[in-house]
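Subject: Structure handover and findings

Hi,

Here is the structure for you to look over. My notes on what turned up follow below.

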Amino acid sequence: MSEFIIELKNVSRYFGSVIALQDINMQVKLGEVHCLLGDNGAGKSTLIKTLAGVHKPSEGEFLYEGKPMTLTSPRQALDLGIATVYQDLALVSLMSVTRNFFMGRELTKGWGPFKYFDTQTANKIAVAGLAEMGIEVRDPEQAIGTMSGGERQCLAIARAIHFGAKVLILDEPTAALGVKQSANVLKVVAKAKARGLAVILITHNVHHAYPVADRFTLLNRGQSLGTFLKADVTREEVLEMMAGGQELADLESELAEFQRADSADNDGGNHALDAGQAATNSMQKAANG
Ligand SMILES: Nc1ncnc2c1ncn2[C@@H]1O[C@H](COP(=O)(O)OP(=O)(O)OP(=O)(O)O)[C@@H](O)[C@H]1O
Ligand SMILES: [Mg+2]
């Protein structure tokens with residue numbers, strides 16, 4: 001078997017005249033978190049949709065477990081073990097935790113027209129599956145809409161792992177979450193990795209990407225600028241890759257220019273500010289003394 005579970009060779013994807021991906025080479029390993037970086041419109045979502053069977057590559061080769069493969073549907077990708085958690089999560093708010101856990105793979109009892117959803121067994125499996133990922137559920141029959149965003153994200157990931165995913169693809173799982181909930185999601189990501197899954201993670205947050213990632217692939221306008229091992233790049237370098245270091249530097253000098261123009265224009269305003277600052281300082285002194 002190949003060293004890599006997924007390999008892309010010179011993959012391109014066009015939408016009419018738009019080149020969303022061009023000549024992408026990428027390798028994904030089991031037991032690693034592979035972070036996809038790049039600005040808005042860089043092609044990250046298109047790339048993972050190509051891996052998930054949503055888009056067919058216009059050109060190039062897709063290898064799964066060393067074998068060339070043409071994915072024709074997301075269902076086929078899922079059956080192979082490639083599970084994707086999109087930002088909208090594909091959960092149904094009004095349905096229970098258990099129902100969402102089993103969606104599309106319902107456990108049934110009985111036969112033919114007498115088949116029914118085996119709620120009791122399903123509840124137990126869902127609670128156990130979630131507990132394995134460190135997620136406590138009080139009541140598996142509670143509607144998913146009553147859970148927080150982080151819990152829902154964790155449920156979607158736990159569900160994929162429970163049903164035997166080998167590759168877990170996450171499109172910005174922490175984008176809408178606070179610090180604590182993000183930490184929970186990242187813990188689940190680390191658990192998936194520890195179980196030997198390959199995780200492909202998209203995020204715009206360097207503080208989320210750097211601690212969990214083993215490799216970084218940087219996309220820029222549909223092209224790959226290469227894959228880097230964590231050992232070879234610092235957090236600052238990753239940040240620069242994410243933000244576009246040059247653009248930040250340009251922005252800084254532009255802002256400095258604005259400030260200079262501003263202070264030249266209204267010197268009087270600045271004096272007023274200074275006076276305000278002095279008043280605040282003396283108030284603070286009074287409060288401290
Ligand atoms: N179905 C489509 N039809 C036409 N153009 C598309 C389609 N999907 C994506 N594109 C184009 O491909 C390019 C890459 O888009 P993509 O959504 O992959 O970027 P992204 O890196 O995920 O961006 P973001 O960070 O904003 O999610 C964009 O220019 C986009 O307009
Ligand atoms: Mg996207």
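Two residues are in contact here if their C-beta atoms, placed from the backbone, lie within 7 Å. On that basis, 70% of the contacts in the protein chain with a separation of 6 or more are between residues 24 or more positions apart. Please keep in mind that this is a predicted model.

**Overall**

The protein chain has 10 helices and 12 strands. It runs to 289 residues, and 33% of them count as buried.

**Ligand 1**

Which residues surround ligand 1? The list is Phe15, Val18, Ala20, Gly38, Asn40, Gly41, Ala42, Gly43, Lys44, Ser45 and Thr46. Two elements give two or more residues to this shell: β2 (18-28) and α1 (44-51). The largest share comes from α1, with three residues. By type, the shell holds four nonpolar residues, six polar and one charged.

**The core**

The largest nonpolar core has 62 residues. Those with the most contacts inside it are Ile157, Val167, Leu168, Ile169, Val199, Ile200 and Leu201. Helix α5 gives the most to this core, with six residues. As background, nonpolar side chains tend to be buried together in soluble globular proteins.

Take Ile169 as an example from the core. Leaving out residues up to four places away in sequence, Ile169 touches Ile48, Leu51, Ala52, Ile82, Ala83, Thr84, Val85 and Ile200.

**Helix α6**

Helix α6 covers residues 179-194, 16 residues in total. From first C-alpha to last it reaches 22 Å, close to the 22 Å expected at 1.5 Å a residue.

The buried residues in α6 are Ser182, Val185, Leu186, Val188, Val189, Ala192 and Lys193. Why do they sit on the same side of α6? Because they cover an arc of only 155° around the axis. The exposed residues Lys180 and Ala194 are on the face turned away from the buried side of α6.

What do the buried residues of α6 pack against? The partners are β3 (33-37), α5 (149-162), β9 (167-171), β10 (198-202) and α7 (206-212). Just after α6, Gly196 takes a positive phi of about 95°.

**Helix α4**

Helix α4 covers residues 119-132 and has 14 residues. Its reach from first C-alpha to last is 20 Å, close to the 20 Å expected at 1.5 Å a residue.

Asn123, Ala126, Gly129 and Leu130 are the buried residues of α4. They cover an arc of only 140° around the axis, which puts them on the same side of α4. The face turned away from that buried side carries the exposed residues Gln120, Thr121, Ala128 and Ala131. What covers the buried residues of α4 includes α3 (97-101) and α5. Just after α4, Gly134 takes a positive phi of about 80°.

- Asn10 has a positive phi of about 50° although it is not a glycine. Asn10 is in strand β1 (residues 6-15). With 12 C-beta neighbours inside 10 Å, Asn10 counts as exposed; the cut-off for exposed is 12 or fewer.
- Glu172 also has a positive phi of about 50° and is not a glycine. Glu172 lies in the loop between β9 and α6. Is Glu172 exposed or partly exposed? Glu172 counts as partly exposed, because it has 19 C-beta neighbours inside 10 Å and a buried residue needs 20 or more.

**His55**

Where is His55? His55 is in the loop between α1 and β4 (59-64). It is partly exposed, with 18 other C-beta atoms within 10 Å. His55 touches Arg13, Thr46, Lys49 and Thr50, not counting residues up to four places away in sequence. Of these, Thr46 also belongs to the residues around ligand 1. The C-alpha atoms of His55 and Thr72 are separated by 8.3 Å, and the two residues are 17 residues apart along the chain.

Best wishes

How values were computed:
Residues are numbered from 1 along each chain as its sequence is written. Chains are lettered from A and ligands numbered from 1 in the order in which they are written. Helices (H or I, at least four residues) and strands (E, at least two) are DSSP runs, numbered from the N terminus. A residue is near a molecule or strand if its C-beta atom, placed from the backbone, lies within 6 Å of it. Ala, Val, Leu, Ile, Met, Phe, Trp, Tyr, Cys and Pro count as nonpolar, Asp, Glu, Lys and Arg as charged, and the others, Gly among them, as polar. The expected span of a helix is 1.5 Å times one less than its number of residues. The arc is that of the directions from the helix axis to the C-beta atoms. A nonpolar core is a set of buried Ala, Val, Leu, Ile, Met, Phe, Trp, Tyr and Cys residues joined through C-beta atoms within 7 Å.
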